Amino acid sequence: MDVLFSEKKFNLDGPGGFQRYLDRFGGWLRTLRRLDGTLFELGPRGVRPAGAVGRNTLNMVEDLGLSAEVLPVSYSHVSSKNRYLYVNGKLHRMPSGISEILRTVPPFSRPLLFSLASEILVKRGKEDDESIYSFVSRRLGKELADIAVDSLCRGVFAGDCRNLSVRSCFPPLFNAEQKRGSLTLGLLLGSAGPLAQRSMKESWAQWSLKRGVEALPESLSDYLQRSGRAQLQKEAAVKHIQPSASGWKVHLEDGVISADHIISALPAKALSCVLPPTCQSLIQQLQDISSVTVAVVNLEYEGSVLPVKGFGHLVPSSEDKGLLGVVYDSVPFPEHNRPSGQTTRLTVMMGGAWFQEEFGAPETVTTEHLLARATESVSCHLGVTSAPGWTHVALHKDCIPQYRLGHFRTVESMRSFIKKKNLSLSLIGSSFDGVSVNDVIFSGRTAVEDLFGGGV
Ligand SMILES: Cc1cc2nc3c(=O)[nH]c(=O)nc-3n(C[C@H](O)[C@H](O)[C@H](O)COP(=O)(O)OP(=O)(O)OC[C@H]3O[C@@H](n4cnc5c(N)ncnc54)[C@H](O)[C@@H]3O)c2cc1C
Ligand SMILES: C=Cc1c2[nH]c(c1C)Cc1[nH]c(c(CCC(=O)O)c1C)Cc1[nH]c(c(C)c1CCC(=O)O)Cc1[nH]c(c(C)c1C=C)C2
């Protein structure tokens, strides 16, 4: 067994577990590269090319000279067509396509078309925000909310749809109801460079890179270093920041940096710990943005062990609270498999909003326990009887922020505090305007454009 940390119990330090990873750039984008050429993703494993935010990332990939490194997965690929739900002890393919929404497809008790047709008659909600669960059960029925939407929120936010905000987690859904189908401006904007155009022409559903997703922050930092226009500091935890006549003094463990403006990509809690006491109301609001912990277990099996082909399967909380889902990594990205011989790579994700309830405090959970739970689930859900030949267990403390009801108001209020107090501070990163890789890259670009104007 290969474990990320040598201790049996995880020893987590600091918000976001950041101290452990300060020797590298990339945050949760982390690829484990084994000497024999096999790759395992510990964080995101695929990026979506769609929309303005997706095109923006592809433009950056192209600017970094990574176009030839891209591993695209098209919509016609089996991993895009097949996603599964594990319900009542069985795998069910999620319905897609016209014929499947016309029929009753288990685990659902009536054709999805019924839900979609009756949705048209549902009146617009009156609240300025609503939980995802309430929104979907009101418009599409309780069954869809309990099974499909519960699972979807676990597979994106590792969160509970009963507590997550529809307005902040799925803005297009909320806006569609408010504006009767009008597309948000952001989805229409965003120019497409040659790589983004290729992604549209070839109908990519997601992409990765030959050297894994972490090749993106690696190339970005190499590019910035080579350009000579940026100074990058690794192993330099920000301890606190203080307003100064010209902007800020940023205090590190072993030095101080002067800054006229700070674009902070720190997780909300980490930022709240370094702000000066004069920002008390901002500190309080940052602390209100909670995050969940996810255990990520990578498994490698000899041979082709999967009974089905697809992206993976999700497990609704009614089936198993602690087990969020299993990604069948070998299917979308066989290029990352061991070059010699047939193997199957899987990733089991556990915990999220249910971590404490199911596993106890992250500090006390053992790698053995997480590994046993993951391998038992693979054997029970997928009928894999052999033991994995290689395993890796990682505990990502506070890795996915939870946009709870009213999140939009908190973010608005933080930005208006910053404006009112004339603070030269921009808030970017996953705590505020979207958790996907595309969202956080786009939020950085938007902040820079706000400072220097468009065309950056
Ligand atoms: C298991 C998992 C799977 C995911 N899968 C996908 C996916 O398939 N597709 C997708 O689009 N997204 C996915 N995501 C989401 C996405 O990866 C993250 O939301 C995104 O990477 C967050 O980026 P960030 O830069 O905002 O934050 P982070 O990655 O958290 O980066 C914050 C950085 O700040 C540093 N830091 C913290 N405090 C300090 C301090 N005081 N001083 C200096 N540095 C500090 C940290 O060390 C870290 O490097 C996944 C996330 C996880 C955890
Ligand atoms: C089981 C847990 C998780 C899996 N992935 C994530 C978690 C918490 C994290 C994650 N997955 C996606 C995103 C980005 C969303 C975006 O806007 O691009 C994040 C933060 C992508 C994603 N994964 C699934 C869906 C439906 C999406 C949304 C975008 C898309 O349609 O591609 C489903 C899914 N995730 C996991 C599994 C096992 C699974 C389904 C079979 C793992």
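# Reading a predicted protein model

Mentor: Let us start with one residue: asparagine 56 is buried, because 23 other C-beta atoms lie within 10 Å. The word has cut-offs: a residue is buried if 20 or more other C-beta atoms lie within 10 Å of its own, exposed if 12 or fewer, and partly exposed in between, with C-beta atoms placed from the backbone. This is a predicted model, in which local features need pLDDT of at least 70 and side-chain atom pairs count only at pLDDT 80 or more, while totals for chains, interfaces and linings use all residues. Residues are numbered from 1 along each chain as its sequence is written, and chains are lettered from A and ligands numbered from 1 in the order in which they are written.

Trainee: In which helix does asparagine 56 lie, and how many helices and strands does the protein chain have?

Mentor: Helices (H or I, at least four residues) and strands (E, at least two) are DSSP runs, numbered from the N terminus. Asparagine 56 lies in helix α2, and the protein chain has 18 helices and 17 strands. Across its 456 residues, buried residues make up 40%. Asparagine 56 and aspartate 160 are 104 residues apart in sequence, and their C-alpha atoms are 29 Å apart in space.

Trainee: At what angle do the axes of α2 and α18 cross, and which residues make the contact?

Mentor: Axes are lines fitted to C-alpha atoms, for helices over the stretch in contact, and angles run from 0 to 180 degrees between N-to-C directions. The axes of α2 (residues 51-63) and α18 (residues 437-452) come within 8 Å and cross at roughly 75°, and that makes α2 roughly perpendicular to α18. Angles under 35 degrees count as roughly parallel, over 145 as roughly antiparallel, 65 to 115 as roughly perpendicular and the rest as oblique. On the α2 side the contact is made by Val53, Gly54, Asn56, Thr57 and Met60, and on the α18 side by Val437, Asn438, Asp439, Ile441, Phe442 and Arg445. Two residues are in contact if their C-beta atoms, placed from the backbone, lie within 7 Å.

Trainee: How do the residues of that contact divide into nonpolar, polar and charged?

Mentor: Ala, Val, Leu, Ile, Met, Phe, Trp, Tyr, Cys and Pro count as nonpolar, Asp, Glu, Lys and Arg as charged, and the others, Gly among them, as polar. The contact of α2 with α18 holds 5 nonpolar, 4 polar and 2 charged residues.

Trainee: Which residues of helix α6 are buried?

Mentor: In α6, which spans residues 132-140, the buried residues are Ile132, Tyr133, Phe135, Val136 and Arg139. Seen down the axis of α6, these residues fall within an arc of 165° (taken over the directions from the helix axis to the C-beta atoms), so they line one face of the helix. Just after α6, glycine 141 takes a positive phi of about 105°.

Trainee: Which residues other than glycine have a positive phi here?

Mentor: Most residues other than glycine have a negative phi. Asparagine 88 has a positive phi near 50°, and it sits in the loop between β5 (83-87) and β6 (90-93). Serine 203, which is not a glycine either, has a positive phi of about 50° and is placed in the loop between α11 and β7 (204-209). Asparagine 88 counts as exposed, because it has 10 C-beta neighbours inside 10 Å, whereas serine 203, with 14 such neighbours, counts as partly exposed.

Trainee: Is serine 199 buried or exposed, and which residues is it in contact with?

Mentor: Serine 199, found in helix α11 (residues 194-201), counts as buried because it has 24 C-beta neighbours inside 10 Å. Leaving aside neighbours within four places in sequence, serine 199 is in contact with Pro49, Leu58, Pro72 and Trp204. Serine 246, by contrast, counts as exposed with 10 C-beta neighbours inside 10 Å, and is found in the loop between β8 (238-244) and β9 (247-252). Not counting residues up to four places away in sequence, serine 246 touches Ser258 and Asp260.

Trainee: How many residues surround ligand 2?

Mentor: A residue is near a molecule if its C-beta atom, placed from the backbone, lies within 6 Å of it. Ligand 2 is surrounded by 19 residues, of which the closest are Gly155, Gly312, Leu324, Gly325 and Ser436. The elements giving two or more residues to this shell are α7 (142-157), β13 (312-314) and β14 (323-327). By class, the shell around ligand 2 has 11 nonpolar, 5 polar and 3 charged residues.
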